[in-house]
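User: I would like to learn how to read aromatic contacts in a protein model. Please take me through a case.

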Amino acid sequence: MIWGKDWRDSVWEQLGTERDIIVIGGGITGAGILREAARAGLRVLLVEARDFAWGTSSRSSKLVHGGLRYLAQGKLRLTLESVREREHLLEDGPGLIDPLGFLLATHKGDRPGRWTYKAGLSLYDLMALQWTHRRYRPEDFRMLAPRITPDRLEGGFRYGDAQTDDARLVLRLIREAVADGGLAINYVAAIGLIREDGAVRGVRLRDAVTGREAEARARVVINATGAWADHLRAQVGGEARIRPLRGSHLIIPAWRLPLAQAVSFLHPIDHRPVFLFPWEGATLVGTTDLDHDAPLDEEPRISPEEVAYLMAAIQHQFPACNITLDDVIATFAGVRPVIGTGKDDPSKESREHVVWQEDGLLTVTGGKLTTFRLIALDALRAVRDRLPELADLSADHPVLAAIDVDLPGAENLPPATRRRLLGRYGADAPALAAAAEPGELEPIPGTRTLWAELRWAARAEGVVHLDDLLLRRVRLGLLLPEGGVGQMARIRAICQPELGWDDARWESEEAAYRALWRAAYSLPERALIPDWQTLLLDARAARLARPYSFRRPLFLLAGLTALALLSRWRRRVGRDSAVV
Ligand SMILES: Cc1cc2nc3c(=O)[nH]c(=O)nc-3n(C[C@H](O)[C@H](O)[C@H](O)COP(=O)(O)OP(=O)(O)OC[C@H]3O[C@@H](n4cnc5c(N)ncnc54)[C@H](O)[C@@H]3O)c2cc1C
């Protein structure tokens with residue numbers, strides 16, 4: 001499916017037709033609703049003010065997971081739904097959603113301790129109806145994570161979770177929905193709501209590329225603008241409810257900090273779980289959880305204090321690697337759309353989604369990337385009274401369309417690369433392979449991205465600006481030093497003709513991209529970054545002075561329940577097999 005040079009004009013011309021649903025916001029929430037609405041046969045339009053996945057949905061930790069942390073907080077339903085969705089996504093989207101082993105290091109004196117983890121992981125596995133976790137002694141654990149510090153290491157656990165490319169997941173959903181008759185356009189903002197008889201009946205739209213404006217009407221208008229949700233809600237008198245919380249990451253080259261699977265541990269400073277994991281051939285380190293006070297329309301960026309916090313985490317667990325700021329290839333920060341309840345500790349705010357109806361405007365926000373389909377179905381169920389023809393909304397169908405296609409000319413590609421293309425590009429993968437020029441089915445040095453992916457994205461995936469291409473269609477801006485400047489000559493040779501840009505346009509796009517990368521994806525000024533060695537020494541002194549306290553009663557209770565259920569289940573299986 002090609003979104004060629006005129007695709008935005010052609011979508012714009014169709015805005016006048018009344019729809020069943022207009023979805024505002026092209027992150028995972030909006031994309032999931034578009035997908036499910038199109039699947040249900042509704043006439044649905046999605047508008048995104050910037051690029052698809054420009055908001056939080058390209059800046060997440062990229063985990064498709066239940067979240068042990070949420071289990072520890074007693075969020076059993078959220079964890080249960082998330083692990084079940086993880087299993088569906090793993091089944092339906094290989095190459096886009098892939099298994100990721102997690103190593104959980106435990107140390108002498110850690111609270112919670114080994115038995116609490118054992119209990120929690122048993123429940124986590126039971127929720128997914130599987131048994132993946134296992135405990136390792138310190139010497140075996142160090143075989144799995146060879147560079148981890150032996151200091152106080154008591155061993156640890158391994159369990160199964162999953163990871164994805166968040167921006168590509170959004171795009172795959174949108175492209176599947178469009179193939180099913182949905183309509184989507186980027187760089188078109190909802191600038192106002194149209195109200196008739198007191199109820200919202202449509203939106204006023206502005207195209208950020210041309211400046212043109214239009215009105216679009218629908219029986220239902222859904223506000224899926226994530227951290228921005230309060231802006232539209234204010235127009236129907238909604239009181240502000242979102243507490244934007246920033247989370248940031250560092251990216252380190254895999255050769256400096258090689259990991260075969262994720263390693264998670266409690267941060268020595270505040271005892272929050274943090275992790276390092278392999279992603280797209282690099283090592284990703286995350287994350288933080290802080291109130292985000294900067295204006296939402298500016299690209300979020302990591303603060304000097306967050307850099308020190310994440311460097312302290314690396315130094316604490318991997319001191320032998322001697323990671324310095326010179327090793328950081330890139331950084332990125334995202335803003336969680338969390339519903340604020342005034343908790344002192346941001347990490348204690350719920351990550352569950354909410355659905356609000358206000359004067360006919362349906363707002364759906366909060367939640368996680370992992371549970372996008374359940375969020376979408378909840379949103380559609382909430383508007384059923386206005387769309388009585390809406391078919392039965394069950395979650396029984398595959399989340400992503402089955403892909404059973406050949407890749408022409410790509411027969412000799414390694415199986416992992418074929419899987420990657422099929423997962424990330426879905427039904428478009430054969431066209432991508434067919435479009436490749438000689439040598440373009442090779443990876444770009446230092447990454448797993450093929451040159452052919454760049455050509456295809458520039459030709460057919462709705463790129464409006466260079467950062468759409470390099471930060472979201474492919475992730476070179478996160479994976480190559482200086483955002484990929486060293487490869488820019490070849491990127492330009494492939495992409496400029498496909499995009500139809502003249503030299504002046506390319507040069508201004510490249511200058512804007514470099515400025516954006518420096519402002520939001522690089523390290524802050526080094527002189528401002530606190531010394532993390534001192535932070536670690538202070539944390540160690542505080543740990544030695546701290547009296548023992550049991551901090552996770554819910555986690556333990558949940559775990560004991562799991563163990564009880566497990567032993568009942570084992571007894572039952574034993575009885576059944578004895579009968580057979
Ligand atoms: C640091 C961090 C790590 C995370 N890690 C994970 C993880 O590992 N796994 C997981 O499951 N979840 C994770 N999450 C949560 C998950 O990323 C978010 O819940 C999810 O991406 C939110 O998606 P969304 O579509 O609601 O919002 P967004 O992705 O922000 O999309 C909203 C979109 O609306 C657009 N918009 C705003 N106003 C308008 C308007 N007026 N008109 C048109 N468009 C508009 C914005 O440009 C934006 O693109 C993480 C979040 C953060 C911040």
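User: Is tyrosine 124 buried or exposed?

Analyst: This is a predicted model, in which local features need pLDDT of at least 70, side-chain atom pairs count only at pLDDT 80 or more, and totals for chains, interfaces and linings use all residues. Residues are numbered from 1 along each chain as its sequence is written, and side-chain values use heavy atoms, with hydrogens and water left out. Buried means under 20% relative accessible area, exposed over 50%, and partly exposed in between (1.4 Å probe, protein chains only). Tyrosine 124 has a relative accessible area of 1%, so it is buried.

User: How many aromatic pairs are there?

Analyst: Rings of Phe, Tyr and Trp (its six-membered ring) pair if their centres lie within 6.5 Å; planes under 30 degrees apart are stacked, over 60 edge-to-face, the rest tilted. The count is seven aromatic pairs. In one of them, tryptophan 3 and phenylalanine 52 have ring centres 5.7 Å apart and planes at 40°, so the pair is tilted. Tryptophan 3 is buried at 7% relative accessibility, and phenylalanine 52 is buried at 1%. Ring pairs also join Trp3, Trp7 and Phe52 into a cluster.

User: Why is the pair of tyrosine 124 and tyrosine 159 edge-to-face?

Analyst: Their ring planes lie at 85°, with centres 5.7 Å apart, so the pair is edge-to-face. Tyrosine 159 is buried too, at 4% relative accessibility.

User: Which charged residue sits over the ring of tryptophan 451?

Analyst: A charge sits over a ring if NZ of Lys or CZ of Arg is within 6 Å of the ring centre and within 35 degrees of the ring normal. Over tryptophan 451 sits the charged end of arginine 490, 4.1 Å from the ring centre.
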